[in-house]
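Dear colleague,

Please find below the structure that I am handing over to you.

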Amino acid sequence: MVIHEMCHLIHLNYSKGFYELESEMMPDWEKWKLRLE
């Protein structure tokens with residue numbers, strides 16, 4: 001997902017801040033992650 005990769009430009013790892021930013025940008029990201037897997 002593009003949003004996921006863009007969040008990595010700010011947070012280089014999978015920290016709490018990364019997931020907070022990803023959730024702010026795309027609240028339903030977990031649904032899409034499951035669908036892509």
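What covers the buried residues of α1? The cover includes α2, residues 16–25. Before the details, please note that this is a predicted model, in which local features need pLDDT of at least 70 and side-chain atom pairs count only at pLDDT 80 or more, while totals for chains, interfaces and linings use all residues. Residues are numbered from 1 along each chain as its sequence is written, and side-chain values use heavy atoms, with hydrogens and water left out.

An unreviewed UniProt entry places the feature "domain: YgjP-like metallopeptidase" at residues 2–36; such annotations may be inferred rather than shown by experiment, and their positions follow the numbering used here, with feature names shortened. Over this stretch the chain is 77% helix and 0% strand, with the end C-alpha atoms 13 Å apart. Helices (H or I, at least four residues) and strands (E, at least two) are DSSP runs, numbered from the N terminus.

Helix α1 spans residues 2–10, and His4, Cys7 and His8 are buried in it. Here buried means under 20% relative accessible area, exposed over 50%, and partly exposed in between, with a 1.4 Å probe and protein chains only.

α1 and α2 pack at an angle of about 135°, their axes being 10 Å apart. Axes are lines fitted to C-alpha atoms, for helices over the stretch in contact, and angles run from 0 to 180 degrees between N-to-C directions. In this packing, Ile3, His4, Cys7, His8 and Ile10 of α1 meet Phe18, Leu21, Glu22 and Met25 of α2, where contact means heavy atoms within 4.5 Å.

The loop between α1 and α2 holds His11, which is partly exposed, with a relative accessible area of 23%. Leaving aside neighbours within four places in sequence, His11 is in contact with Gly17, Phe18 and Leu21. The C-alpha atoms of His11 and Leu21 are separated by 8.8 Å.

In α2, Phe18, Leu21 and Glu22 are buried. Seen down the axis of α2, its buried residues fall within an arc of 100°, so they line one face of the helix. Lys16 and Glu24 are exposed on the other side of α2. What covers the buried residues of α2 includes α1 and α3, the latter at residues 29–36.

With kind regards

Technical notes
The arc is that of the directions from the helix axis to the C-beta atoms.
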